[in-house]
Amino acid sequence: MADDNFPGWHGTTIIGVKKGAKVVIAGDGQVSLGQTVIKGTARKVRKLSPGGYEVIAGFAGSTADAFTLLERLEAKLEATPGQLARASVDLAKDWRTDKYLQKLEAMLIVTDGTQLLVITGAGDVLEPEHDVAAIGSGGNYALAAARAMMDGDKDAETIAREAMAIAAEICVYTNGNLTVEELSL
C-alpha cells in the first residue's frame, strides 16, 4: 500500500518512549479531512484492561479502522493474558490474511510497560531498537527528536512531550493537544 494512499500517514502523530522504569505513549489530538482541521481534541491513545492486564495503545489512521483493531487486540489479549507480543502477532496475522481486516487503514503502537511494539497491516510486529517508536504523518519528526534526547537526563514523558512539540511545529497534520498515558515496569 503506497503511503500517499494511506490516511494513517496524513493525519496524526503517535510516539512511544521507553526509558528507565517507564513507558509512555503520547498522541496529538488533530483530526484532519484533507486540508481542513475537523477536530483538535481527539483521543488517539487509550488504556485497555483485558482481564486486569493493562496495555496502552495509540493509533494513527482511520478512526473506525483503529477501533476495530483495538477491539481485536483486546480479544487477543483476553485469549493470551500477559502475552502482548503473542497477541500482537496474532492480530497482525489476522490483519494480513482476513479479507475484511486487510482493508483497514491504521497502525498501532502498544505497550504493557515492558514491551513497546508497532503493529502494521503488512503483518509486521516491530520492537524498536532504541526504545522509541513513532507513527503517523509527523512520526519521523517525533522519532528523530526523541532519539536525540534519549541519552540525556530527561524521563520518558518529558522526551515524548518535547518530541511531540517538535513534530507539531513541523507537521501541519499534528497539533500540540496531547493525550499521554504511562505504564511503569
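Guide: What follows is a conversation about a predicted model, in which each answer sets a value beside the cut-off it relies on.

Visitor: What makes Asp131 "partly exposed"?

Guide: The relative accessible area of Asp131 is 31%, and since buried means under 20% and exposed means over 50%, a value in between is called partly exposed. Asp131 sits in the loop between strand E9 (125-126) and E10, and its phi is near 65°, a positive value in a residue other than glycine. Most residues other than glycine have a negative phi.

Visitor: Which residues touch the most other members of the largest nonpolar core?

Guide: They are Leu108 and Val110, in a core of 22 residues. Two or more residues of this core come from each of strand E6 (55-61), helix H1 (63-79), helix H2 (84-97), strand E7 (106-111) and strand E8 (116-119). Leaving aside residues up to four places away in sequence, Leu108 touches Gly58, Phe59, Leu69, Leu70, Leu91, Leu117, Val118, Ile119 and Ile135, where a contact requires heavy atoms within 4.5 Å. Apart from this core lies another, of 17 residues, including Ile15, Val132, Met150 and Ala167.

Visitor: How do you know that the span of H1 is close to what is expected?

Guide: The expected span is 1.5 Å times one less than the number of residues, and for H1, with 17 residues, that comes to 24 Å, while the helix reaches 24 Å from its first C-alpha to its last. The buried residues of H1 are Asp65, Ala66, Thr68, Leu69, Leu70, Leu73 and Leu77, and they pack against strand E5 (45-48), E6, H2 and E7.

Visitor: Why are strand E10 (132-136) and strand E11 (179-184) called edge strands?

Guide: Each of them pairs on one side only, in an open sheet of four strands whose order is E10-E1-E2-E11 and whose pairing is antiparallel. From one strand to the next, the twist averages 10°.

Visitor: What makes strand E1 (residues 13-19) and E10 a pair?

Guide: Pairing requires at least two bridges, and E1 and E10 have five, in the antiparallel sense; Thr13, for instance, stands opposite Gly136 in E10. Helix H3 (residues 139-149) packs on the sheet, where it touches E1 and E10, and its direction makes about 165° with that of E10. Helix H4 (residues 156-170) also packs on the sheet, touching E1, strand E2 (22-27) and E11, with a direction that makes about 155° with that of E1.

Visitor: How do you know that the buried residues of H3 line one face of the helix?

Guide: The buried residues are Gly139, Ala142, Ala145, Ala146 and Met149; seen down the axis of H3, they fall within an arc of 135°, so they line one face. These residues pack against E1, E10 and H4, whereas the face turned away from the buried side carries the exposed residues Asn140 and Ala148.

Visitor: How many bridges join strand E3 (residues 31-33) to strand E4 (residues 36-39)?

Guide: Three bridges join E3 and E4, which run antiparallel, and the cut-off for a pair is at least two. The partner of Val31 in E4 is Lys39. In this hairpin, with two residues between the strands, Gly34 takes a positive phi near 65°.

Note on methods: Residues are numbered from 1 along each chain as its sequence is written. This is a predicted model: local features need pLDDT of at least 70, side-chain atom pairs count only at pLDDT 80 or more; totals for chains, interfaces and linings use all residues. Side-chain values use heavy atoms; hydrogens and water are left out. A nonpolar core is a set of buried Ala, Val, Leu, Ile, Met, Phe, Trp, Tyr and Cys residues joined through side-chain atoms within 4.5 Å. Buried means under 20% relative accessible area, exposed over 50%, partly exposed in between (1.4 Å probe, protein chains only). Axes are lines fitted to C-alpha atoms, for helices over the stretch in contact, and angles run from 0 to 180 degrees between N-to-C directions. The arc is that of the directions from the helix axis to the C-beta atoms.
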